[in-house]
Amino acid sequence: MSAVPEPVVAAGSETERDRMKGDRAKRDPVAGGPGGRDRATGWGPPPGVSRWFRAGLVYLALTQLVIGAWALVSPAGFYEGFPLPGRRWVDPPYNEHLLLDFGGLNLGFGVMLAVAAVTLDRLLVRTLLVGYLAFAVPHLAFHLGHLGHFPPVDAVGQVVTLSLAVLIPVVLLGRSLRGIRRPGSDRSPGGNG
């Protein structure tokens, strides 16, 4: 905000319309503002998007891509060695079909999270975070109820990692919703306003 008050102009006047166009161009990178987006493609970060917001999406994407690819490429290796060799967190019995499905689910989420991290499209980000939570919350709940047979280090590891898998999207979703204004708002997810 500038210290000099803006001149008062009548709504609908040429000056007001021009000023509004200029404001929109500053806020809306698709409208040609400094957000770095290419007007033709809409790609690039919206202005005001914090780096930690994008980093949170990238973290979730990379986690899901690694887990998904591992379970798809080597379901038996994933079963025996997840998260590290000698620290098997996947409960028996071995089921190749279930692990392949789990791998595909995680790989799919990873791809979508990566696209959301690149485009930062509001609808995509918010929908994806809600969908991800629909998976992550029951996953956490199941594991919280089945920690008894794990050594303490593995039980703590599961609680921490699976809680982060819920906490990060909750924080990102809350941040993306915090900036919502009335219809017509062009605030982006994770923005500063």
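Helices (H or I, at least four residues) and strands (E, at least two) are DSSP runs, numbered from the N terminus. This is a predicted model, in which local features need pLDDT of at least 70 and side-chain atom pairs count only at pLDDT 80 or more, while totals for chains, interfaces and linings use all residues. Residues are numbered from 1 along each chain as its sequence is written, and side-chain values use heavy atoms, with hydrogens and water left out.

**Confidence**
- The protein chain has an average pLDDT of 78, and 67% of the residues score at least 70; pLDDT is the predictor's confidence in each residue, from 0 to 100.
- Residues 4–13 have a pLDDT below 50, and this stretch has six contacts in the model beyond near neighbours in sequence; a contact means heavy atoms within 4.5 Å.
- Residues 24–44 also stay under 50 in pLDDT, and the model has 41 contacts for them beyond four places in sequence.

**Annotated transmembrane regions**
- According to the unreviewed UniProt entry, the annotation "transmembrane region" covers residues 57–78, 98–120, 127–149 and 155–174.
- UniProt positions are given in the numbering used here, feature names are shortened, and annotations may be inferred rather than shown by experiment.
- The span 98–120 is 96% helix and 0% strand, with its end C-alpha atoms 32 Å apart.
- For residues 155–174, the chain is 100% helix and 0% strand, and the end C-alpha atoms lie 28 Å apart.

**Nonpolar surface patch**
- Trp-52, Tyr-59, Val-156, Val-160, Leu-164, Leu-167 and Val-171 make up a nonpolar patch on the surface, with about 630 Å² of accessible area together.
- Helix H2 (51–73) and helix H6 (152–178) are the elements that give two or more residues to this patch; the largest share, five residues, comes from H6.
- Patches consist of residues with over 30% relative accessible area and no salt bridge, like charges being joined within 9 Å and nonpolar side chains (Val, Leu, Ile, Met, Phe, Trp, Tyr) within 5 Å.
- A salt bridge is a side-chain nitrogen of Lys or Arg within 4 Å of a carboxyl oxygen of Asp or Glu.
- Accessible areas come from the Shrake-Rupley method with a 1.4 Å probe, and for residues only the protein chains shown count as cover.
- Trp-52 is located in helix H2 and counts as partly exposed because its relative accessibility is 44%; buried means under 20% relative accessible area, exposed over 50%, and partly exposed in between (1.4 Å probe, protein chains only).

**Backbone features in loops**
- Phe-82 and Pro-83 are joined by a cis peptide bond with omega of about 5 degrees.
- Pro-83 lies in the loop between helix H3 (75–81) and helix H4 (96–119).
- Leu-120 is in the loop between H4 and helix H5 (122–144), and has a positive phi of about 55 degrees although it is not a glycine.
- Leu-120 counts as buried because its relative accessibility is 1%.
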